[in-house]
Amino acid sequence: MSIVVIAPEPHLAEVKSKLCLLLPEVSVFTINEVENTDDIDFAVLWKKTPEHLKDFPKLKLVCSLGAGVDHIMSYALPNNLKIARIGDAGLSGKMSKYVQAAIYHWEHRFLEYAKYQSQNLWKPMIPRKINTVGIMGLGVIGTRVAKDLVSNGYKVKGYSRSLKSIEFVYTFAGENNLESFLENLDCLVCLLPLTDQTKHIVNLPVFQQLNKGAFFINVARGAVLNENDLLEALELGFISEAFLDVFEKEPLPTEHPFWSHTKISITPHVASLTDLDRACKQLAENYFRLKRGDELLFEVDRVKGY
């Protein structure tokens, strides 16, 4: 059994090096080093299109180097090919800190103060207050974010495909309960995976059901948000500000209206970066599990898409 790593630099060399240390008896190749494609049965894929996978006829498992797998699921893969992702690997703690920082940013009006600074204006304002935060997506990361917000004194509601039970979090599930989840939210945080069902799930009707002037944070995938609807919601006052880390097209095109919008804060998909040491340990464990025929860590349900 051999492994191929398909990723951009500097991840390409770093992931190969770490896997070689963890699996000294296993042949690990970068995509440019493979000579015999029949030898490859395990592929690690990150920030590259899956089209390379067709070159490996005996491939048994492809694993994303992050929590997201939409870049893999968008490609027509053989039904017998297993797909896995990285579990926590330090992502949940980083994401929780990012979301809390964004909330503090809105509550303390930092975006407005930045504008006043550029105008040499001394203009103290009363801080805003978020009472209820809604988390869309209650996987490992969403659950951690919800629990930490509860610990910091926020009322938290959670929404997911199937009903979850999280202490002190009011949880909702399914399309029929989306309206109840959105009711009385001062802040909406999106942490949903991107699937056919979640594409553009955050749209104008969703924004209209929040408390007027609510705050929106997207740290999931860009395409879960209808970007034109967000612009309209900001224009109409349904949303007061948005904090965005992910976008439907990345890098965000230079001509995109988000760049110059006075009510949008942007970061370049950095909310929670994978810890490669922990991620590679999970990859190595899945290598052994695949070899033994055991249940894989964080295997993706091909029907659900995550």
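Is Cys280 buried or exposed? Cys280 is buried, because its relative accessible area is 0%. Buried here means under 20% relative accessible area, exposed means over 50%, and partly exposed is in between, with a 1.4 Å probe and protein chains only. Before going on, note that this is a predicted model: local features need pLDDT of at least 70, side-chain atom pairs count only at pLDDT 80 or more, and totals for chains, interfaces and linings use all residues. Residues are numbered from 1 along each chain as its sequence is written, and side-chain values use heavy atoms, with hydrogens and water left out.

Stay with the cysteines. A disulfide is a covalent bond between the sulfur atoms of two cysteines. The search counts a pair of cysteine sulfur atoms within 2.5 Å as a disulfide. Across the whole structure, it finds zero. Take Cys280 again. Its closest cysteine sulfur belongs to Cys63, at 9.8 Å, so the gap is too far for a bond. Now take Cys187. The closest cysteine sulfur is in Cys190, 11 Å away, and that too is too far for a bond. Cys187 is buried as well, with a relative accessible area of 0%.

Next, look at helix H3, residues 91-107. Helices are DSSP runs of H or I with at least four residues, strands are runs of E with at least two, and both are numbered from the N terminus. The expected span of a helix is 1.5 Å times one less than its number of residues. H3 has 17 residues, so it should span 24 Å. Its end C-alpha atoms are 24 Å apart, which agrees. Of those 17 residues, 13 are buried, so H3 is largely enclosed by the rest of the structure. Just after H3 comes Arg109, with a positive phi of about 60°.

Asn120 has a phi near 60°. Asn120 sits in the loop between helix H4 (110-118) and strand E6 (132-136). Its relative accessibility is 72%, so Asn120 counts as exposed. Phe168 has a phi near 70°. Find Phe168 in the loop between strand E7 (155-160) and strand E8 (169-173). At 62% relative accessibility, Phe168 counts as exposed.

Now for the cis peptide bonds. One joins Glu9 and Pro10, with omega about 0°. Pro10 belongs to the loop between strand E1 (2-6) and helix H1 (11-22). Another joins Glu250 and Pro251, with omega about -5°. Pro251 is in the loop between E11 and strand E12 (264-266).

Ile217 lies in strand E10. Ile217 is buried, because its relative accessibility is 0%. Pro205 is in helix H7. Pro205 is partly exposed, with a relative accessible area of 44%. Pro205 and Ala233 are 28 residues apart along the chain, and their C-alpha atoms are separated by 9.2 Å.

Finish at the second largest pocket. A pocket is an open set of points on a 1 Å grid over the protein atoms alone, where a 1.4 Å probe fits, with protein on both sides within 12 Å along at least five of seven lines; lining residues have an atom within 4 Å of a point. The lining includes Asp70, Met73, Leu194, Lys199 and Arg302. By class, the lining residues divide into three nonpolar, four polar and five charged. Asp, Glu, Lys and Arg count as charged, Ala, Val, Leu, Ile, Met, Phe, Trp, Tyr, Cys and Pro as nonpolar, and the others, Gly among them, as polar.
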